[in-house]
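Hi everyone, thanks for making time.

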Amino acid sequence: MKRGLRRVLPLVIVFVIVFTLFPMGTSVSSAANSKNFVVYFPNWGMYNATHMSMNVGMIPWNKVTCINHAFFTVDSSYKLATTDEYADFQATFEHSEGWNPGMLRGHFGEYKYYKTQYPNVKVVISVGGWTRGENFHAMAQTSSSRAIFIQSVIDFLKKYPFIDGIDLDWEYPGVNRAKDPNDEFDRGCPGGPEDKQNFTALLREIREAYNKNGMSEKLLTIAAPGGYEKVDLTEPDKYSQYLDWLNIMTYDIHGAWETVTNHQSAIYKNPNDPSGTTPVDIKNKYNTDYIMKYYRDTYNVPASKLNVGSPFYSRGWKNVVANTGTNGLFATASGAPVGNLDNPSSPGGQNSYAQMKVLENTAGYTKYRDSVSQVPWLYNSSLGIMYTYEDETSAAARCDYVIDNGFGGIIGWEISCDTSDFSLTNTISGKLGINGTATVITPVFSPGGGTYSSAQNVSISCATAGATIRYTIDGSEPTSSSNVYTGAIKVSSTTTVKAKAFKSGMNDSATVSAAYIINNGTSRVATPIFSPAGGTYTSAQNVSISCATAGATIRYTTDGSTPTSSSAQYTGAISVTSTKTIKVIAMAPGMNNSAVAAATYTISSSDYPAWAPYVSYSVGAIVSYNGSNYRCRQAHTSLTGWEPSNVPALWEQGGSAALQVATPSFSLAGGTYTAAQKVSISCATDGATIRYTTDGSTPTASSLQYTGAISVMSSITIKAIAMAAGKNNSNIASATYTISTTPPPAGTGSKLLVGYWHNFDNGLTPVMTLRNVSTKWDVIHVAFADIAGDGTVSFTPFNATDASFSSDVAYLKGLGKRVVLSLGGQNGALSLPDSAAKTRFINSLIATIDKYGFSGVDIDIETGIYLNGGDTDFRNPTTPTIVNLIAAMEAITERYDSSFTLSMAPEIAYVQGGVTAYGGPWGAYLPIIYGLQDKLTYIHVQHYNCGGNTALDGKTYNQGTADFEVAMAEMLLKGFPIANNAGNMFPALRQDQILIGLPAAAGAAPSGGYINPTEMKKALDYLMKGIPYGGTYQLQNTSGYSGFKGLMSWSVNWDAQNNYEFTNNYRGYFDALN
């Protein structure tokens, strides 16, 4: 696979081309049967929003058959080793265990959990990749060195039994490749002719070790080359017998190392391809069809063992010569544009598929499809840029190819490059017939079954959150209608307990059974008897309970719970006036308790006369019919066939005023307020559900459900309605709140320049002491504090003592600057799963602030801020880390006075990304912003390293342009719909709370976003003054936002490296506004 750029041997190609390209279309093929869909998961994806800040829990497990974890490596001692100990074993995610020995965290903690949910999905460790194959050659040289590696694999699989095997991604045996000096991750991959036999021996010996250690079911796979000349350096006809399958890398066939544009992953050869045929036949043999059949027909590898590669990313060229090729394909070009996945110093035009979807909708780009090779490309003639990539149509065609030729399946490199709704993944899984469903984890008994000398209290637990456990004690199979487990079951005599767990949307768990033999030599009390028996009655009943065992005491409940020795004692008939379930148990000294008996009594009655035909009814009259009440809507004489349930024009069900839910009330009366308010809604009717709107529309059963106080930070009207089963809906309550705040006037000192200062040396920018930062900055954010896995915050000054650093902070504050401690950054992670972690976070952060005299805190956490499944309302988040972070910051800000600075620096995906999707990282900062809006001093979203994003006008704009800067800022200034739902608006923030985050130089943002100050000033003129610059995006508030607060930059150090371009330009610009 790859983490940097993969290159085939460069070729010099000279050609003339004339051919016809056909319109784009789709194909139809038969359904698949038992196909593989292997996706690679990059362990580094968690660090960057370009990769969706992806963690294991975000993988669509029900859409794939195997997950290849990328990457482990072979270390210098020839043992299997992780390439990122923190990500794989220490980072905190939703299902992380504790810190004690034997507990699992990181990606592997998540794998352990999700394997219980999806036991049929395989998880395989991929070893090597393009950048980490440096020790393959040496390890495979001798039987003794191979034995070291193989034993480490066996030990690893024993330690982590939920891992299903390994995938060797040696790129490539027999090829001696030096490391790329422009790729910081690349270690190179030595090789020689001896690799041919050694590779076969390695695979054979791994398989033998599997069998010897009782691991014959473990998987052994490889990532195999897509170039036939590299295949010939190995022995597929010999080694394939030891493999479960081969993942053929049918991509990166062409790229910007060549001077002619082409398809990176053509399915079929195009006869008009101008590529050469010697010394390597690129023209005819560098395509999916040729190489797959080369393995199958030349080397006799079974077709079912061969998986076809699908790229979830692009390759690209720049400087495409317009009068060559056709529409940018097979055209002369030189170099590559910088994609959002690229290292800018060594670009390959590598964009995620999510970014390619953005470019498809960007003005200037035209999409074409080669109907021969069956793949698309994107061309911008004015920019001279061409991209080759996979889309849904070509992915479907690739699946058809697999099905029609009997190949094993598809591999996808890699899952974090897909769109947020996994459009490529869904296309492939749909074509291959893959749609798995998670299985609820099997319940566990405590204590386990066995022989006991006394009664036992048996607890049942299930590790699947939200699962309902049902059980039986009569030996029958538990079903969805069996008793619900709510607490420990007392087993007083020999009993077989069976349990099964259920959860909507998941497969039921397996049934678990345990037999308890109670050998205490005592007899059992007779089971109590009800009189009358449970059933449906038209009037109240007096229920008597008796027991045949003389002297027995009867205990009972009427709330559905299991009766115990502390439940109410039966002393006489129980009056049942409404539907209820009575459960009873009988007890006697020296005897085992009776079995629990239960009876449900349904009382169907009405205080109103029964409906009858040939009766004159006036408007408002109330009758009963079939157990329900109805109110007359029109005066009439009833007839047979006009029963109330048949004629809603005449009768309204539930019509009594006594049956109407009470009207909701607001904790705060509507009116004009000078600051944000929190409004609670209540209803006097027990059990009522409150639904509400904030856009003036009438609330319905599908409106937002009220679950907690609503923050009102701008002028809105809240309307609420209450509902309860069996009752008429309440009247609608309405209150209008006007928040009257005036932003500070523009002028000297009203606009801020905020810069991040490096508390580290990145080797690229000047190292400076804190007191030596430019005085043109208003606020200096110190980057970064460390956050331990248990939530503890710490800070150590770089190249300074505590005393000298504190002195620098005091010095800058004396100049009127604010010095803020920034939490997180690209590599910082946060996990606050419980109140203990929250407390540690609060106490340690306060201690750090006080120790150094910081002016405030900046939340710049890019790992750990993601929304758990089911967390769908930004007003009422449920994800523990988010809930606890909000509470923690409220507590911290309460400790200091009003001058305390609270800022945030999220990436675009975490904020404005919520306009297209809400879940995972998308929109994950919105509940934090909303929950802390009245404490928030300002927010500066990072308008860089993000590609592009959809704006309020529904169009997508690319980073680094004036349109993008204005459009993204107005989303926070105006408010925007969550997941394109106009009924669920994220409210506008105050103008003085909004800054824009920019890179101080191109090098400061490796994935793009730098904007020339001249262009940025045009954007600022439009945003603040309403002066148009002729762009595509049109402000919704045409007069602009004069209270807009300023700019943030990454970073102070990059600005110094770039000759102070940022501060020199924008300090003067803002000061001139006076």
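**Starting from helix 5**

In helix 5, the buried residues are Asp 195, Asn 198, Phe 199, Thr 200, Ala 201, Leu 202, Leu 203, Glu 205, Ile 206, Arg 207, Ala 209 and Tyr 210. Before I go on, keep in mind that this is a predicted model.

So what covers those buried residues of helix 5? Among the covering elements are helix 3 (136-139), helix 4 (143-159) and helix 7 (236-239), along with strand 5 (165-169) and strand 6 (219-224).

Now the length. After helix 5 comes Gly 214, with a positive phi near 70 degrees.

Let's zoom out to the whole chain. There are 20 helices and 56 strands in the protein chain, and the C-alpha trace spans about 100 × 80 × 70 Å along its principal axes. How does the radius of gyration of 34 Å fit a compact globule, and why? It agrees, because a compact globule of 1074 residues would come out near 31 Å.

As for burial, 56% of the 1074 residues count as buried. If you take contacts with a separation of 6 or more, 69% of them link residues 24 or more positions apart.

The accessible surface is about 41000 Å², and carbon and sulfur atoms hold 49% of that. On charges, we have 73 positive and 81 negative, with their mean positions 4 Å apart.

Conventions: Residues are numbered from 1 along each chain as its sequence is written. This is a predicted model: local features need pLDDT of at least 70, side-chain atom pairs count only at pLDDT 80 or more; totals for chains, interfaces and linings use all residues. Side-chain values use heavy atoms; hydrogens and water are left out. Helices (H or I, at least four residues) and strands (E, at least two) are DSSP runs, numbered from the N terminus. The radius of gyration is taken over C-alpha atoms; the globule rule is 2.2 Å times the number of residues to the power 0.38. Buried means under 20% relative accessible area, exposed over 50%, partly exposed in between (1.4 Å probe, protein chains only). Contact means heavy atoms within 4.5 Å. Accessible areas come from the Shrake-Rupley method with a 1.4 Å probe; for residues, only the protein chains shown count as cover. Lys and Arg count as positive and Asp and Glu as negative; His and the chain ends are not counted. The place of a charge is taken as NZ of Lys, CZ of Arg, CG of Asp or CD of Glu.
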